[in-house]
Amino acid sequence: MPDYIATWLPEVGYFCLLLALAAYLLVLARGVRRCFHQGALRGGRPLQGCAIAALLLLLAWALLTLAFVQNDFTLRYVLQQSNRELPLAYRLAAPWGGHEGSLLFWCLCLGLWQTWLTRHLRGGKLQIFTTLFITFAQVGLLLFIVIFSDPFVRQFPAPVDGRDLNAMLQHPALIFHPPLLYLGYAGMQVCCALLLAGLFCRVPGRVLARRCIGSLALAWALLTAGIALGSWWAYSELGWGGWWFWDPVENAALLPWLTGAACLHAVLIMRRSGHLARSAALLAAVSALLALTGTLIVRSGILQSVHAFALDEVRALPLFALFIVLNSAMLWGFAVGARRYRAAPAGTALPSLWLTGGIGTFCAVALVVLVGTLFPMVWSFSGAGKISVGAPYFNRVLLPFGLLAVVLMLAGSRRRNIPMWLAHAGVLLCAIGIASSAWLKTEISVALLPGESVQLDVYRFTLHEGELVTAGNYTAQKMSIDVQRADKQVARLHPERRFYTVRNQRMFEPGIATDGWRDWYALVAQKQGDRYAVRLMVQRGVRFVWFGGGLMALGALAAALSRRSG
């Protein structure tokens, strides 16, 4: 590509954002105008312009990605998130590794979902109101991006090299984990808009359920896969040997998943009996609200977390105001729509006891997680000091709800429905993984010389001096640990002590080996004289957590693709 063309590509990307904003404003204006003309609503023509806006957002995203691939350090965002030595796979994923790019990707996901869904609805009042609800959110997000968080901001003169991507994000999960989460969050917002529009338009419960159940199941499947990948990233990258830390940002991702699961069960009841249309819409609104709130927590830096992006006060306050407006609009939409909606006629079949119990259980778990997540922040803001709510609280309080959920699931799985069986089998497998990893794990922390051994469980771990390696943007000391049982070697682990030169950041990468049921886990950390600080673990069944998450996502995906998803 000629240099004089490449030089102007970031300006083209920003212009695409402006054009997309203009297109959404035009769609919003035309939709509001048609709402005041009942004849126009009865005409049922679809609102045009959403697909064009989504294509413009896709082009802007492609140009931002191209800037990362070409190491265009005249862009401040590329300078902050990339480096010439960063592997190409991570340069392709780095655009969603920071604040500006992740918000743009959120808008892109929402635009793609909106385009697909509105084409599926093919005009009518339901399509118009759904488009209006989604477009209102898009306008707000794009206004914030073009004014406060433009990823195409220039910096001259351009530095020779960038500051590199955060070392904790340089993991294969970064390539898939954030996109799946954002697609799931955006899908929840679109389903919320569809259900609220159904209330406004007084669409019968069974009809509305058939319209939205596929989209809702797909959004929940994407969210499930994203959370499962995130837990795998935590296990294999952070070096503490666990897969869920009850970190506030982790909980912020879990909350819309829980309420989304409750909403999915409510929509199943709607499809069978016509009941719970208002409840499903409320749960969808709460899911979208929690997704937006979780995004606010991550993007504003309100909570300290390895996931959070610190944000200056100039942008934090407008971002907070934006999410207040969007969340208030959703709750207002539900309040007005619920008052207009007509309930299912008397005499229709009553909701399933097991599905209703599942809805209540998911909501109760979400409430427990929400209280445990927000309580330390509220306590700190009140001036009463600092308090920590960690794993002991969540594990102890949530255990009865987990057992109840398993009982309800087993009792309600009598119908021959393959997607439901897959999802419920995934829940059981995940529960087995959680229990076995908690109760059957053994670990030890020791200081070892090279050549020394230590016994853990029935295994003997022997540390060997590592070799120095250079790989791209870091150097590492690659250690070797032999795992033996009864003088027979069963595994060899290769933990690494990495140093990322540009960021001046040290990372300790665990070495992990598995036979499917057992995991042998080793972390070699700081050197104390001639000895290395070594943490060793034997995990059992922890892989079932991710196998179960995969089955849940597969079951929901099968439900989304099946015409008989209820």
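This is a predicted model: local features need pLDDT of at least 70, side-chain atom pairs count only at pLDDT 80 or more; totals for chains, interfaces and linings use all residues.
**Entry 1: Glu-443 and Lys-441.** I started with the side chains of Glu-443 and Lys-441, which meet in a salt bridge at 3.6 Å, N to O. Next I looked up how open the two residues are. Glu-443 has 37% relative accessibility, so I put it down as partly exposed. Lys-441 comes out at 31%, so I filed this residue as partly exposed too.

**Entry 2: Glu-509 and Arg-498.** Another salt bridge links Glu-509 with Arg-498, and here the closest N and O atoms are 3.9 Å apart. Where do the two partners, Glu-509 and Arg-498, lie? I found Glu-509 in strand β7 (residues 505-509) and Arg-498 in strand β6 (residues 496-500), so this pair ties together parts that are 11 residues apart in sequence. Are Glu-509 and Arg-498 buried or exposed? Both of them are buried.

**Entry 3: Arg-518, Asp-515 and the tally.** Then I went to Arg-518 and Asp-515, whose side chains form a salt bridge with N and O 2.9 Å apart. Arg-518 has a relative accessible area of 25%, which makes it partly exposed. Asp-515 has 44%, and I noted it as partly exposed as well.

**Entry 4: stepping back to the chain.** I zoomed out for a bit. The chain has 566 residues, and 54% of them count as buried. I got 17 helices and 10 strands for it. I also checked contacts between residues at least 6 apart in sequence: 72% of these join residues at least 24 apart.

**Entry 5: Ala-447.** I picked Ala-447, which sits in strand β1 (residues 442-448). Its relative accessibility is 31%, so Ala-447 counts as partly exposed. What does Ala-447 contact, leaving aside its neighbours within four places in sequence? My list has Glu-452, Gln-528, Arg-531 and Tyr-532. I looked at Ala-533 too: this residue is 86 residues away from Ala-447 in sequence, yet their C-alpha atoms are 4.5 Å apart in space.

**Entry 6: helices α10 and α17.** Time for a helix pair. Helix α10 (residues 205-237) and helix α17 (residues 543-561) have axes that come within 7 Å and cross at roughly 165 degrees. Why do I call them roughly antiparallel? Angles over 145 degrees count that way, so α10 is roughly antiparallel to α17. The crossing of α10 past α17 is left-handed. On the α10 side, the residues making the contact include Gly-214, Ala-217, Leu-218, Trp-220 and Tyr-235. On the α17 side, I noted Arg-543, Trp-546, Gly-549 and Met-552 among them. How do the residues of this contact divide into nonpolar, polar and charged? I wrote down 15 nonpolar, 4 polar and 1 charged for α10 with α17.

Entry 7: The peptide bond from Phe-156 to Pro-157 is cis, and its omega is near -5 degrees. I located Pro-157 in the loop between α8 (125-148) and α9 (173-200). Asp-164 also belongs to the loop between α8 and α9. Asp-164 has a positive phi of about 80 degrees, although it is not a glycine. With a relative accessible area of 0%, Asp-164 is buried.

Trp-246 is another residue other than glycine with a positive phi, near 55 degrees. I found Trp-246 in the loop between α10 and α11 (248-273). Buried or exposed, then, for Trp-246? Its relative accessible area is 15%, and the cut-off for buried is under 20%, so Trp-246 goes down as buried.

**Entry 8: Leu-104.** My last stop was Leu-104, in helix α7 (residues 99-121). Leu-104 has 0% relative accessibility, so I marked it as buried. Which residues does Leu-104 touch, not counting those up to four places away in sequence? I listed Leu-17, Leu-57, Trp-61, Leu-64, Ile-145 and Pro-151. I checked Ser-149 as well: Leu-104 and Ser-149 are 45 residues apart in sequence and 9.0 Å apart in space, C-alpha to C-alpha.

Terms used
Residues are numbered from 1 along each chain as its sequence is written. Side-chain values use heavy atoms; hydrogens and water are left out. A salt bridge is a side-chain nitrogen of Lys or Arg within 4 Å of a carboxyl oxygen of Asp or Glu. Buried means under 20% relative accessible area, exposed over 50%, partly exposed in between (1.4 Å probe, protein chains only). Helices (H or I, at least four residues) and strands (E, at least two) are DSSP runs, numbered from the N terminus. Contact means heavy atoms within 4.5 Å. Axes are lines fitted to C-alpha atoms, for helices over the stretch in contact, and angles run from 0 to 180 degrees between N-to-C directions. Angles under 35 degrees count as roughly parallel, over 145 as roughly antiparallel, 65 to 115 as roughly perpendicular and the rest as oblique. A crossing is left-handed if the near helix is turned anticlockwise from the far one by less than a right angle, and right-handed if clockwise. Ala, Val, Leu, Ile, Met, Phe, Trp, Tyr, Cys and Pro count as nonpolar, Asp, Glu, Lys and Arg as charged, and the others, Gly among them, as polar.
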